[in-house]
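Please keep the sequence and the model open while reading, and follow the topics in turn.

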Amino acid sequence: MMQWRKGWRDLLAHPGRTATVLFALVLGLWGMGTVFVSYVVMHNDLNENFLRTEPAHLVLTSADFGRLDIERVRQLPGVAGAEFRNLTKVRIEIGPDQWIPLWLYSVPDFAASQLAHLNYQRGDAIPPRGTMLVERNGLLIADIDIGRQPRIRIGHEVMTTLVSGVTFDAAQPPSTQESFIYAYVSPQTYADWTGQQTPQRLIIRFADVASANDVEPYQKALTEQLSAWGIRTQTARLPGFEEHPHQWQLNTILFVVFAVGCLMFILSAVLVNQLMKASLAQQVRQIGVMKAIGAQRRQIITLYLMSLLALGAIASTLAIPLAVLCGKAYAQFVSGILNFDVLTAHLPWFTYGVLVASGIGMPILFSLGTVLRGTRISVVSALYDYGVSVPLTLRIQERPARARGPVLLQLAQRNLRRNRQRLGVTLLSMALGVAIFNTGFNVRQSLQTLLDDVATAIGYDVQVVFAQPLAETEARALFTNLENVKTVQSWAGGLGLLQSDALSTESGVGVIALPYDDVMLNLPLVSGKWLSGQPEEVVFNEQALKQFGSPKVGDRLPVTINGDTLLLTLTGVVKQLDLPKIYVDQAYFNQVINHSGDINTLSFQAVDNRYDAVLELKQQIERRLLSSEWPVLYVVSEAERVKVIFDHLNVILSSLIFLSLLVLVVSAIGLASSTSVSVMERTREIGVMRAMGATPTDIFRLLTWEGLLVSLFSIALGLMLSLPLSAHAAEFFGLLMLSEANALSFQFSVSGLWITLLFTVGFGWLASRIPAQGATALSTRDALAYE
Amino acid sequence: MTQFHSNNNAPALLAINGLHKTFGSADRLYKALVDINLTVTRGEFIAIVGRSGSGKSTLLNMIAGLDTPSNGDVLFQGQALHRLSENERARWRGQHVGIVFQFFQLIPTLSILENLLLAMSFVNVVPHEQRYPRAVSLLTEVGLLNHLHKLPSALSGGEQQRAAIARALANDPQILIADEPTGNLDQHTADQINALLASLTKQGKTVLVVTHDRDRDDQYDRVIELRDGQIVGASRTQKVA
């Protein structure tokens, strides 16, 4: 009881020091707790959202589905659910001359779907004929809430629709990132709008399948059965097995969150340890007295552990509710960006268990060594301890007086060397913060460089992608006499997902047939050479190369497109940030497959390619398209395409930089604590200096110099550390976010360097300013009497 | 070898035989105590005198088991202290020795009553229910009844030293060791403290005091003078009643 009281009174006797330790503990626990709670909440929820929709395992298309009795499919062995779910990719107007893709689905039964369920949000649950439900994430990029009447363009027809409800389709990638709108209508409305009276797309979910490999035998059996029923399937697609298309983003965010959480935990543990060490150093004489009056080491250890327990309990009480709140808020923020619902309403008990154990255990665990060492001191040494001293290892270099520089600077650097272990720990933790903070910027720069490469590779300013192939002459005729056009080029097939659907190999690899000397695409070669106009040449991007089993340049490969198999020679491999794509010469392609010479894509190069001029060109093109009969998938400017890619990755990099900043803040608090402990230890010494004539400004300058010196050394060390760290991080994030073929290369961010310098020096200055103010606030008499 | 033993026939409470204490490394050896031989019996009031650096405090530390000899023995009722582990010495000290420091060394965050209770809780020889009345009684004896719940910082130097003596007596030790107990006090207060210490010998306590002050030699049973770590003189005094 009396030992409890002593421990408690010690905490109350130095409110400043106790508050600093508590602050460090609360901050560390809050940071670690926040990321832990958000991890617990998020790690399962995106995919749980996705799985709750009971997503399709197989998507088949056929023009013959009108003759198929869906009930017969549902009766087949292994089929858990099957539905006709027609899909057409049209366009929706979201502003004057601004159209984006609209994925229009026909849903036969909104109330009792067998698979790919939608989650009702607002308005009508079942859209009345002539109206549509829109996916909720689309509301963030377009004014299409309930009651709005956006125009959509299907084929050549522009029609006004009505939004009757909002739904949530957890299986879709977020509209905010894809720049697509998803809408759902009844089969009647679908037939009215598209003219398609019969089902053409079948989605199926199988029971008892654990992987994509398990789906394949079912797929084979099903297509054979359909064939036996006289149904010829055109395409068969296996979506990513039981995994949300953007799960990779969440995985990356979770990794960043987890790694930063661990770092914050370690940093705050170091901080607590340092503070305990300093606190115990001040108690040395009391330890001696207690031993002298009969206390055993065990009793003294218990006494200090009880203080730590009290500190941990207070810190936990303050930090855990905060961590739970912030963790949930962060999970909510990420769920908003990735468009999923947070399903974890109540945190599992082990979450609280881990938080409480960390809160109580962290200060004890990380201070135990210090307590054990501190209480090992002999009674005599403890009794005759008079606080901070100069270590025998401190060597002062003798140099001519004039070369020594300002005396305060010299004194500051010598003071830092008085406790080398503390200096080392402070420097290391601060340097770690600097390294991670700087790495965030460098990785971001790597991404920016990649995007610049993408922009360089794209030679066009605006691209029009048609929903169906059309004659090149007719397509070009539509855009004659446009202002600000330098060159127009046509392709069969095109970039991106939708064009992979439009023209692809049998295995779903997108095909782009373009003039071999096309100036609209300048993809960097990884190996071999670009198309030269010779027949049977094919160039792969790295993703396609992988899908084809990594053939070598010069290999002859069979490639099936629209049912015709060509034997092509791989002439080169290019680097490209896109889906798997293969490139063939348009003239050859037209000769062997595309006899009509129809095209899917028109690319425009502008004379004036400044942003406003390109936007104006895009609007001119939209106006022409509106007055035409041609069905268009989308019109996109090069800047928009780059932005879409950037938006996919930016959420992760922004999280990385934000969390890195947190690490830097924790490190800076470490520096502040270290400085304040150092000031506390030297209070009497500061009193002596003032008695000798030092002004408060001198003391203030001395301590500020100390903080700044630590900051500068930390920056130097941190920047050195950040180089290998950035190189590894760029490679790692490139693999995680993009693909093996799109690994980010190491880049050094100059702006990041300046921001790091600014933040670190600023934090260093602040970290020393606060304790310095405390030191100068004490009168000389009080400083001299300080125990 | 000079022997400085008690003249009375009572059995030795404390016996010091051939005690040496050195500090530093082989090339810079500092001899703090050289061949000290001394016996102390129950109820003696002994002063250890000498100039600064003569080895007084080192000798006191040896007697209190705060430090261990480089050579020789310190025997308490026949038990060699240096053979005890640090924890055993702490327990022994708590039970048999009370220490009074020059700068009082009260725990600043506890009231003086709590300082006594803490000492008792460490040693655990006084039954729990007797601790509070014992602490109050001791503080009453030293004249601090009205200051039980004050923090040390609220007391004068003399009051703090009296509180420190009360704390040293908390576990009813046989030996009281005081290192310059009056060195930081005015003359009048120093007299009071010395009288208090002398009164303890009447209760059978053995009191060893390290002091610079030779004006009070006549108050002690024996005065042992140290110079350069050696006992250079021991006088039996005629105590002033």
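How near do the axes of helix α9 (residues 297-338) of chain A and helix α10 (residues 349-376) of chain A come, and at what angle do they cross? The two axes come within 8 Å and cross at roughly 150 degrees, where axes are lines fitted to C-alpha atoms, for helices over the stretch in contact, and angles run from 0 to 180 degrees between N-to-C directions.

This is a predicted model, in which local features need pLDDT of at least 70 and side-chain atom pairs count only at pLDDT 80 or more, while totals for chains, interfaces and linings use all residues. Residues are numbered from 1 along each chain as its sequence is written, and chains are lettered from A and ligands numbered from 1 in the order in which they are written. Helices (H or I, at least four residues) and strands (E, at least two) are DSSP runs, numbered from the N terminus.

**Helix pairs**

- α9(A) and α10(A) are roughly antiparallel to each other, given that angles under 35 degrees count as roughly parallel, over 145 as roughly antiparallel, 65 to 115 as roughly perpendicular and the rest as oblique.
- α9(A) passes α10(A) in a right-handed crossing; a crossing is left-handed if the near helix is turned anticlockwise from the far one by less than a right angle, and right-handed if clockwise.
- By class, the contact of α9(A) with α10(A) has 20 nonpolar, 5 polar and 1 charged residues, where Ala, Val, Leu, Ile, Met, Phe, Trp, Tyr, Cys and Pro count as nonpolar, Asp, Glu, Lys and Arg as charged, and the others, Gly among them, as polar.
- In chain B, the axes of α5 (residues 157-168) and α6 (residues 187-202) come within 10 Å and cross at roughly 15 degrees, and these two helices are therefore roughly parallel to each other.
- The crossing of α5(B) and α6(B) is right-handed, and the residues that make the contact include B:Q161 and B:I165 of α5(B) together with B:I193 and B:L196 of α6(B).

**The sheet of chain B**

- An open sheet of 4 strands in chain B has the order β2-β1-β4-β5, with antiparallel pairing; two strands pair if DSSP finds at least two bridges between them.
- β2 and β5 (79-80) of chain B stand at the edges with a single partner strand each, so one side of each is left without a neighbour in the sheet.
- Strand β1 (residues 12-23) is joined by 8 bridges to strand β2 (residues 30-41) of chain B, and B:L14 has B:V40 as its bridge partner in β2(B).
- β1(B) and β2(B) form a hairpin with 6 residues between them, and B:G24 in the turn has a positive phi of about 90 degrees.
- β1(B) is also joined by 5 bridges to strand β4 (residues 71-76) of chain B, where B:N17 stands opposite B:D73 and B:H20 stands opposite B:N71.

**The contact between the chains**

- The contact takes 24 residues from chain B and 21 residues from chain A, with two residues in contact if their C-beta atoms, placed from the backbone, lie within 7 Å.
- On the side of chain B that touches chain A, α2 (86-96) and α3 (112-123) of chain B each supply at least two residues, and α3(B) gives the most, with 7 residues.

**A buried residue in chain A**

- A:N594 lies in the loop between α17 (586-592) and β21 (599-606) of chain A, and A:N594 touches A:A492, A:A513 and A:F589, not counting residues up to four places away in sequence.
- A:N594 counts as buried because there are 23 C-beta neighbours inside 10 Å; a residue is buried if 20 or more other C-beta atoms lie within 10 Å of its own, exposed if 12 or fewer, and partly exposed in between, with C-beta atoms placed from the backbone.
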